[in-house]
Structure formats: C-alpha cells, structure tokens
Amino acid sequence: MSLLEVKDLQVRVEEREILHGLSLTVNPGQVHAIMGPNGSGKSTLSHVIAGKPGYEVTGGQILFKGEDLLEMAPNERAAKGVFLAFQYPVEIPGVTTWNFLHAALNAQRKARGEDEISSPAFLKKVREVAKSLNIPQDMLKRGVNVGFSGGEKKRNEILQMALFEPAVCILDEMDSGLDIDALRIAADGVNALRSPERAMVVITHYQRLLNYIVPDVVHVMSKGRVVKSGGKELALELEESGYAQFEDAA
Amino acid sequence: MNVVAKTETGRALGDAFAVVRDRLPGKGKIADQRQQAFEAYERSGLPHRRIEDWKYTDLRALMREVLPLAPAPDAAALDRATAAIKLRAIDGVRRLVLVDGAFAADLSDLGSLEKGLSVRPLREVLDAGDAALSAQAFASDISNPMIALNGAMATDGVVIDIADGTVLTRPLHIVHVASGTAPVAMFTRSLLRLGRDTGVTLVESYLAGEGAKAYQTHDGLIVAIGDNARLDHVRLVEDSVDAFNISSATVTLGAHAHFNTFGLTSGGHVSRYQLTVTCAGEGSKVETNGVNLINGKQHADTTLFLDHAVPHCASREIFRAVVDDRAHSVFQGRIIVRPDAQKTDAKMMTRALLLSDDAEADNKPELEIFADDVTCGHGATTGALDESLLFYMRARGLPEKEAQALLIQAFVGEAIETIVSDALRDVAIATAQRWLEARA
Ligand SMILES: Nc1ncnc2c1ncn2[C@@H]1O[C@H](COP(=O)(O)OP(=O)(O)O)[C@@H](O)[C@H]1O
Ligand SMILES: [Mg+2]
C-alpha cells in the first residue's frame, strides 16, 4: 500500500481555487521532489496535508496508509506520522523549545496509546539529535524559534522531524534562507532519516537542494497542478530550461 | 445634598447596621468612626456604572444586595474551613486564618513568633482601645462607599507589626475562608505595619469551604511600609464562582521602600480589588502585577490607583487577563504624578487575551502627570490567541486545548515571573495550571 495518496485534490482559499485536481502517490522508502515556481500551490498542498485551517477542500481525497487524512485533526495527523517542516516556522515566545518538544512528543505518544517519555530519557534523546544537527543546547532553553536565525529555524524543524520519527516528512522549501554549509548540515540530517519505511516529499524552488537530497521521483507543479513527473534528471532539465515551458502547458 | 435613589437593599442594610452595631468591636471614638463610615456608605449606596470608577463594575446590577453579617463560626464551620485550608496549604508560611470574618486562633500558627513580630486579632486590639492603632485602622478614605462600608462593618482582622530592623524569612499567610452554605457577608480589615529596615512577605488567599457558594467577602488591608523596608505581597483569589469579593488595599511607602505585589484572580463570581499605593518617601519602588484567569460568567475588576507624591520613585505594572466564555475582566490603572514628583519613572503594560467571542476585557490606563521631568508610559492590547502559532503546535501533535494551554501559560508567565519567591511563584503557576486543566 502506498503511504500517501493525494487524489484529484481541489482546494479553495477565500473563494479562489488554488489546487485544481492534483494527484500524487508516495510509497514507503521514496523521496519525491515537488518543484515549481512561486505561487504554483506547493505550500498550499503541504498545508492541506498537515490540516491547516482556512482551506476548503472542494474535491478529491488524501489517504494516509489508506485512511482518510482530511477527516483528522492536525494533531491526529501528526500522531499518525505526518510531519510538515514549515517554510516559515513561527516564533512562540514564552514556550521553551525543550518544553514544547517534550509536550508534543508525549501528546503524540499518548494518542498512539504509548507510554509517556520521562524527562531524563527525553533529554538524552534531544541532546543526541541536537548534537548531530549542530544545534547548541542553549537554543533548546529559549522560546521556540525566538531569536533564531533563518538557518537555525530550519535546523530546528529537522530536529523535530528526527525526534518525532514520522512516516511521511514534507519539507517545504527547507533550503530557503540557508547558506551552503547550513544546507549541507540540514540535508545530512534529512538523509540520515531516509529509511525503507519512511517517505519524504521535498518541496523546493531550486534544483540545488536536490544535489544533497537526491530524489527518486520529481514532479513539476504549475498553477495548481502536477504538469510533469519523472526521475531525478527532470530536476536538472528544469535547471537548464526553467519553468516557462510548463507555465504554458498548465 | 447629594440625592441618590436608594435601593430596597440600602434600607435593609441600614437596619442591619443598627442591629449589629453593638456586636462590632471598638467603643467610643471607633464606634463614632464606624457610624460616620456607615453614613458615608449610605449616602451613595452600592456603587453603580454612572460613578466613573465603577463604570465597568456596576455593583447595583451585579451584586444587588449586601447580605446579612455572618455569624461567628461554630465547630463544624471551623472543620470545613480546616479542610479547605488543607487543600491549598503553602509550605513554610506562618498561617493566620479568618473564618467567616472572625480570627480563628486555633487554625493559626501563633507559636514561637520571631523577635520583632507581633500578630494580634483586630477585635482584640479594638476592644483593648489602642487609640493610635485604631485611628490608623480606620483612617482610610471613606469616599469609596465599599471601603466605607468595610470600615463600618469590620468584625475582625489581623494586626501585624514588624519592629524596626526585623527581616522575616518565613512568609505570613492570611487565609480568608467562607465556611458554609448560608449566603452571608463577612467584613474584615487587617493592618500591616513595617518599621524601618524591615522585610517581609505577605500572602493573602481567599478560599471557600465545601458547600460555600453565594457568600460575600468584604476585606480591607492597610499597609504602612517604613523607610528602607520591603514588602513582597502575593494575593490569590480562589473564592467560589458564585461568591463576591469586594476588597481593597491601601499601601503607603516611606523613603527607599520597596513594594512588590502580585495578584491572581481565578475565583469569585464578581470580584473587585482596589489597590491604592502612595509613594510618600523619595526613592521608593513599586511593582504591581497581576493575572486574571476567568471563565463562565465571572467578572473580575482590578482597579489600581498609584500616587507618585514625591520625587525619584519608580513604578511598574504588568497585568494579564485571560478571559473565556462570557467572563468580563476589568483593569483600571490610574497613575498620578504630583507636581513635585520629578524624576518619576512609571510604566504600565496591560494585555488581555480573549478566548471566546463573548468574552470581554476592559482596560483603562490613565496617566495624570503634573511634573515635567519624568519618564512615564503605558500600553494596552487585547486580542485572541494567534492561529498560526496554534496550527504550528497542533501540527506537532498537541491537541488544541493543550496548545492553547501552553500559549496561555506563556502569556500569564510574563506577570507571574515577577514574583520573587521561587516557592510562591510555583504556587501561582500551580494555580494557573489548575485553571487550565479544568478548562481542558
Ligand atoms: N491564505 C491565502 N489567501 C489567499 N490566497 C492565498 C492564500 N494562500 C495562498 N494563496 C494563493 O495561492 C497561490 C499558491 O500559493 P502557495 O501555495 O503559497 O504557492 P507556493 O508555495 O508554490 O509558492 C498563490 O497565488 C497565493 O497567492
Ligand atoms: Mg511556498
């Protein structure tokens, strides 16, 4: 069974249709890349998969392990194993990263009927992951993303992904705002999480990221549709010829 | 003459005062002062919305009547009070208990008082006829009808004196308990006098015994902080959600004195706390902070009047209100900087968080500045929880109520963290936590 199946998805925002029948099938172990110009609906797709309020699904389906994802609250989706690394992670003053992650992990575990994780066990786990991503300890004591640089915010997203061990990871423009060193660290973090059971959907505007996270399948999105799918060579092709050809096709 | 339509209740209370007058402690001059205070109250009756200070808290509409005076607590009442106190016990404090408006010596920790500390029930002090002290206890401004009524009717309270140079490490904890089911009113008045170079922490709690519902607490606290003295004050209103708590505190600071106060209101159907602080000595510092956590049909009003009467004083206010359902939070903060009070540094910041469409928060900051060389500022905001933060948190697995709880904790945390004592800060955090859990 496929992990994530988006079937003919139609989505409106404030009376305007943004996704016009989008389909995508992601199997375990695969890395899919979604590329497309600004405004083509990539973030909209990621938000609808994660359950962000404000979007009206007017047609189609999203199945996760065969279950109807659209029926679930965002927190239920997270507990089932859907993870979205945000394009613009928010700042939450007054809620320490440490506290937030501990509460979130325990909420997910509770929803799955698992035991809560104790503070010492959690601390150990977070420390290991933080170290591998080059995230200093004191960042965990600060408010979530408060005063973090763009790169730190993205690394914090990867940290959460590593911590929650989701089945499907959707990474929305994780390369934006990262210099080459930061990009390499983040990509290494993502690659370390690749496994035969897990799937990734890497959303990006630029081909550059895909040199570090090499996809199995590449989709080109334009004006709310997938207009072409292919292997990793499609990304290189796009790099050379640009999106213009697809804009006309859409 | 000021003619104000008097409600039925006003008249009923007048009769009640005539009946109980002889039971109230203090004869001679005190009795005269009570009479004057009662007459002052009678001239206006319960305050209503056409009186500017009571615009948002119309007691005539909300409270309607002053209930009959609570009888002295019997053994069963004391047992119920004991149980209520136990549930909210704070470790390491010296507890002083008032049950139904009467000092309960048996429930209080009066043993081995520190050198320089004196604790006496108000009733005893008034009966003994300590003229100077009595005068101080009844000196407060009777232009506020509810403070006047409190003075007229006060049955008991605690009189605490801290001798010059005494620094107490063990906090004092005045606990007000309403013991039982009868809808009655209790009137208490307490006095705290800190000599020069003293330091103390005072906690005040208002609790309901099992079954205590629609009672009324009328309390007044009078505080004099001597030169170079410091008072840390934490006030927790956890009355029954059907109860009324109409209270005031009047605080005067000497030179280089420091007053840090924090109030948390989570209980009470209608509560009004009028805090009047006067910086009467140069170089004094005032921090008045507070949190309202209210829901249902609760109404909680904190009205602050801060008087910078002399130069070189600083004041800070941080106030946070979290309002759910149809509840109504009121914060009025009036700061006066007198013409002589140069180099005053006064800042006030109030923020309200509305958790439902029917929730209401009124913020009325007022600065009246008559000196020219001062730094003063205030800000006020009202809003809902940030949806984008909530979504981010839910996308990480937190159920909506839990995500809200974390954001609310952070919001009130900015005020709670001003409490200096770790132990008392933890008490305030636990109180907020209980409120959030009850909501979930
Ligand atoms: N909340 C919103 N309200 C109105 N229009 C929106 C909203 N979110 C996205 N859009 C519109 O939807 C289209 C797709 O946006 P988005 O999904 O962010 O694209 P991408 O991530 O590919 O750049 C854009 O035209 C954008 O203006
Ligand atoms: Mg986008």
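**Close-up views of a predicted model**

**View 1. Helix α9 of chain B.** Helix α9(B), residues 400-416, has 17 residues and reaches 24 Å from its first C-alpha to its last, close to the 24 Å expected at 1.5 Å a residue. The expected span is 1.5 Å times one less than the number of residues. Helices are DSSP runs (H or I, at least four residues) and strands likewise (E, at least two), numbered from the N terminus. Of the 17 residues of α9(B), 12 are buried, so the helix is largely enclosed by the rest of the structure. Buried means under 20% relative accessible area, exposed over 50%, partly exposed in between (1.4 Å probe, protein chains only). Among the buried residues are L406(B), L407(B), I408(B), F411(B) and V412(B).

The model is predicted: local features need pLDDT of at least 70, side-chain atom pairs count only at pLDDT 80 or more, and totals for chains, interfaces and linings use all residues. Residues are numbered from 1 along each chain as its sequence is written, chains are lettered from A and ligands numbered from 1 in the order in which they are written, and side-chain values use heavy atoms, with hydrogens and water left out.

**View 2. The shell around ligand 1.** Residues surrounding ligand 1 include V13(A), E14(A), N38(A), K42(A) and T44(A); such residues have a heavy atom within 4 Å of the ligand. By class, the shell has 3 nonpolar, 6 polar and 3 charged residues. Here Ala, Val, Leu, Ile, Met, Phe, Trp, Tyr, Cys and Pro count as nonpolar, Asp, Glu, Lys and Arg as charged, and the others, Gly among them, as polar. β2 (16-26) and α1 (42-50) of chain A each supply at least two shell residues. The largest share, 3 residues, comes from α1(A).

**View 3. The magnesium ion, ligand 2.** S43(A) (OG) and Q87(A) (OE1) coordinate the ion at 2.1 to 2.3 Å. S43(A) lies in helix α1 of chain A and Q87(A) in the loop between β6 (82-85) and β7 (92-96), so the pair ties together parts 44 residues apart in sequence. Donors are N, O and S atoms within 2.8 Å of the metal (3.2 Å for Na, K and Ca); water is not among the atoms, so sites may look incomplete. At 15% relative accessibility, Q87(A) counts as buried.

**View 4. Helix α3 of chain A.** The 15 residues of α3(A), 97-111, should span 21 Å at 1.5 Å a residue, and the end C-alpha atoms are 21 Å apart, which agrees. Buried residues of α3(A) include F100(A), L101(A), A104(A) and L105(A). Just after α3(A), G113(A) takes a positive phi of about 75°.
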